[in-house]
Amino acid sequence: MKVLLLKDPKDKDSGPDPYIKELGLYGFEATLIPVLSFEFVSLESLFEKLSHPECYGGLVFTSPRALEAIKLCLKENSKNEAWSKSLKQRWNTKPAYVVGKATASLVEEIGLIPQGEKSGNAEKLAEYICSREKPNSSALLFPCGALKREVLPTVLREKGIPLESLTVYQTTQHTDLQGSLSSYFSQQGFPASIVFFSPSGVKFCLQHIQKLLGDLINHIKFAAIGPTTAEAMEAAGIPVSCTAESPTPQDLAAGIQKALHLQNC
């Protein structure tokens, strides 16, 4: 059975995409179609803030893209040297809160120690941060996207925990999205399941998918990587057959297997 994953492929240097690999273990033939493009902004401003760890109580990351922005900053030799010689050690005296495993591994790559990676979504991460931070302490630095949800900032604000947001990337539709979807459906037919990985993915893909599938859309099991994406799908009128218990390849594959097995009973 075929599964269509509406997400960017993992970095080619790090081997096969873990979602394709895990779904393959269940006998699914998975295909990735990149949905989003990212434009990085305010990188000078980001490095300026990273240069003053004494002004902050820690860092918050809810997206791998925020770490990509930091890595772009550190490509410049002088900045990389400043990071390696002192900034990294100084930030490591403070918490680096992360929403999940993918973000945690990128935090480790820049030499920091992640905390809260089992949270899985912004709501749970906000609770985790509130359990560890005191009101009116130094602000947490939050590099984020232009489309960030307000859940985490709102919860922290209500608890009196200062958060300084800085937009470091903007999200747009991938230039090849429409062509990639058309060619997938014309060459492979319709899949047993389609998986959305973000509310932005729902926003950019749904209209194309509805047009390409027509009435066949009712025969497909739609899956979400997490509750935030599931909410966006439901708001757009897509029935959600499966939401991964946590945003990992293992939980997604198990959820899809269960949803399709029930269908076949």
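1. The place of S42 is the loop that joins strand 3 (36-40) to helix 2 (43-50). This note concerns a predicted model. The phi angle of S42 is near 55°, a positive value in a residue other than glycine.

2. Helix 2 has L46, F47 and L50 as its buried residues. Viewed down the axis of helix 2, these buried residues fall within an arc of 95°, so they line one face of the helix. Their packing partners are strand 4, helix 3 (64-73), helix 4 (77-91), strand 7 and strand 8 (163-173).

3. The N-terminal end of helix 6 is capped by N121. A side-chain oxygen of N121 lies 3.2 Å from the backbone nitrogen of E123. G120 is found in the loop between strand 6 (114-115) and helix 6. Its relative accessible area is 25%, and G120 is partly exposed. Not counting residues up to four places away in sequence, G120 touches V99 and P247.

4. G120 may also be placed relative to T103: the two residues are 17 apart in sequence, and their C-alpha atoms are 10 Å apart in space. T103 belongs to helix 5 (residues 101-109). Is T103 buried or exposed? Its relative accessibility is 3%, so T103 counts as buried, the cut-off for buried being under 20%. Leaving aside neighbours within four places in sequence, T103 is in contact with F61, S63, P64, L67 and V98.

5. At the other end of helix 6, N136 lies in the loop between helix 6 and strand 7. The phi angle of N136 is near 60°, again a positive value in a residue other than glycine. N136 is exposed, with a relative accessible area of 69%. The cut-off for exposed is over 50%.

6. G160 touches P135 and N136, not counting residues up to four places away in sequence. The place of G160 is in the loop between helix 7 and strand 8, and at 26% relative accessibility G160 counts as partly exposed. From G160 to L212, the C-alpha atoms are 48 Å apart in space, while the two residues are 52 apart in sequence.

7. Helix 8 passes helix 9 in a right-handed crossing. The contact is made by L177, Q178, L181, S182 and F185 on helix 8, and by F204, C205, H208, I209, L212 and L213 on helix 9. By class, this contact of helix 8 with helix 9 has 8 nonpolar, 3 polar and no charged residues.

8. The last point concerns F28, placed in the loop between helix 1 (18-25) and strand 2 (29-32). Its relative accessibility is 6%, so F28 counts as buried. Which residues does F28 touch, not counting those up to four places away in sequence? They are M1, V3, L23, A253, I256, Q257 and L260. F28 and L4 are 24 residues apart along the chain, and their C-alpha atoms are separated by 10.0 Å.

Key
Residues are numbered from 1 along each chain as its sequence is written. This is a predicted model: local features need pLDDT of at least 70, side-chain atom pairs count only at pLDDT 80 or more; totals for chains, interfaces and linings use all residues. Side-chain values use heavy atoms; hydrogens and water are left out. Helices (H or I, at least four residues) and strands (E, at least two) are DSSP runs, numbered from the N terminus. Buried means under 20% relative accessible area, exposed over 50%, partly exposed in between (1.4 Å probe, protein chains only). Contact means heavy atoms within 4.5 Å. A crossing is left-handed if the near helix is turned anticlockwise from the far one by less than a right angle, and right-handed if clockwise. Ala, Val, Leu, Ile, Met, Phe, Trp, Tyr, Cys and Pro count as nonpolar, Asp, Glu, Lys and Arg as charged, and the others, Gly among them, as polar. A polar contact is a pair of N or O atoms within 3.5 Å; within protein, one must be able to donate a hydrogen and the other to accept it, and residues adjacent in sequence count only if both atoms are side-chain atoms. The arc is that of the directions from the helix axis to the C-beta atoms.
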